[in-house]
Amino acid sequence: SNQLMAGKRGLIMGLANDKSIAWGIARALSNAGAELAFSYQGEALKKRVDPLAAQLGSDMVLPCDVSDEASIDALFTELNERWGGLDFLVHAIGFSDKNELRGRYVDTSRANFALSMDISVYSFTAVVQRAEKMMKSGGACLTLTYYGAERVMPHYNVMGVAKAALEASVRYLAEDLGKDGIRVNAISAGPIKTLAASGIGDFRYIMKWNEYNSPLRRNVTIDDVGGSALYLLSDLGAGTTGEVLHVDAGYHVVGMKAVDAPDI
Ligand code: NAD
């Protein structure tokens with residue numbers, strides 16, 4: 001353990017189970033001395049999140065559905081009453097109808113386009129808006145994105161369009177909040193087998209492709225993402241804002257592999 005986050009308090013949004021990227025991030029932050037609160041969506045998840053939070057010494061497990069403004073307000077009111085301030089925020093939330101995470105992007109419905117943008121893009125702005133008011137002495141916010149924002153990836157479809165918008169919003173938020181000492185960044189994670197990812201068509205094949213074709217010739221873990229999140233959320237990352245940091249075993253730098261590439 002290290003003390004990079006000693007005395008810092010933060011909210012982790014998007015923990016569903018011990019496979020969640022939010023869990024890798026929470027562990028890394030807790031290990032660095034941070035005090036954590038968690039928000040979960042829906043009563044069914046509470047019984048999974050409670051014991052995980054307890055493992056990291058937290059009993060602050062609060063409901064929040066980010067599609068509902070009143071629910072977001074209730075979360076931040078509660079957080080403000082308990083803590084009065086906030087040092088960091090992790091947004092590890094995304095959603096799209098899984099029927100549209102296969103087949104062609106061109107067939108995306110208006111309803112699911114709007115839903116995906118609402119939950120996967122606007123929600124980050126909505127929570128940063130509330131967090132800003134609690135980050136009186138500066139702070140750091142982090143969201144999660146994917147390479148499908150930059151290049152066409154099979155089946156990612158409307159989520160690719162949503163992640164592109166999310167990455168753009170990171171840059172706008174960074175500019176707005178920079179003068180208050182609040183940093184806003186994203187991690188672009190390589191494919192990881194989580195609940196959300198299991199909705200994506202051919203996900204096993206995508207993971208294999210990444211493993212064969214990335215410079216490190218492996219997939220990343222939630223602990224890899226946790227380490228990079230710790231960098232961005234701690235004072236180690238003090239000079240970095242508006243950034244999209246790739247934690248993808250280097251996959252995004254490769255244009256083409258040599259003929260003998262599948263060498264693992
Ligand atoms: P996950 O299923 O563990 O987490 C997704 C979370 O989103 C869940 O906790 C779910 O409850 C929450 N959520 C969905 N709708 C919500 C709503 N309306 N209100 C509140 N919470 C809601 O999966 P994950 O892969 O850990 O996903 C976390 C983030 O990482 C997502 O933004 C995802 O797009 C991103 N990401 C995942 C991968 C991957 O391969 N797994 C790669 C890059 C980026």
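The model is a prediction, in which local features need a pLDDT of at least 70 and side-chain atom pairs count only at pLDDT 80 or more, whereas totals for chains, interfaces and linings use all residues. Residues are numbered from 1 along each chain as its sequence is written. For the protein chain the mean pLDDT (the predictor's confidence in each residue, from 0 to 100) is 96, and 98% of the residues reach 70 or more. For the complex, the predictor gives an ipTM of 0.99 and a pTM of 0.98.

Strands are said to pair if DSSP finds at least two bridges between them. On this basis strand 1 (residues 9-13) and strand 2 pair in the parallel sense over 5 bridges, and isoleucine 12 stands opposite phenylalanine 38 in strand 2. Burial is assigned from C-beta atoms placed from the backbone, a residue being buried if 20 or more other C-beta atoms lie within 10 Å of its own, exposed if 12 or fewer do, and partly exposed in between. Strand 2 (residues 35-40) is mostly covered, with 5 of its 6 residues buried.

Strand 5 and strand 6 run parallel and are joined by 7 bridges, with asparagine 185 in strand 6 as the bridge partner of leucine 142.

Threonine 145 lies in strand 5 and counts as buried because it has 26 C-beta neighbours inside 10 Å. Contact is defined by C-beta atoms, placed from the backbone, that lie within 7 Å; leaving aside neighbours within four places in sequence, threonine 145 is in contact with Lys163, Leu166, Glu167, Ala186, Ser188 and Val244. By contrast, the C-alpha atoms of threonine 145 and methionine 256, which are 111 residues apart along the chain, are separated by 23 Å.

Helix 7 comprises 12 residues (222-233), which at 1.5 Å a residue should span 16 Å, and its end C-alpha atoms are 16 Å apart, so the two values agree; the expected span is 1.5 Å times one less than the number of residues. The helix is mostly covered, as 9 of its 12 residues are buried, namely Ile222, Asp224, Val225, Gly226, Ser228, Ala229, Leu230, Leu232 and Leu233. These buried residues pack against helix 1 (21-31), strand 4 (88-91), strand 5 (139-145), strand 6 (182-189) and strand 7 (244-247).

Most residues other than glycine have a negative phi. Histidine 155, in the loop between strand 5 and helix 5 (157-178), has a positive phi of about 70 degrees although it is not a glycine, and it counts as buried with 21 C-beta neighbours inside 10 Å. Arginine 217, in the loop between helix 6 (203-213) and helix 7, also has a positive phi, near 55 degrees, but is partly exposed, with 16 other C-beta atoms within 10 Å.

Glycine 201 lies in the loop between strand 6 and helix 6 and, not counting residues up to four places away in sequence, touches Leu101, Arg102 and His155. Histidine 252 lies in the segment after strand 7 and, under the same exclusion of residues up to four places away, touches Tyr147 and His246. The C-alpha atoms of histidine 252 and glycine 190, 62 residues apart along the chain, are separated by 9.1 Å.

How values were computed:
Helix = DSSP H or I, 4+ residues; strand = E, 2+ residues; numbered from the N terminus. Contact = placed C-beta atoms within 7 Å.
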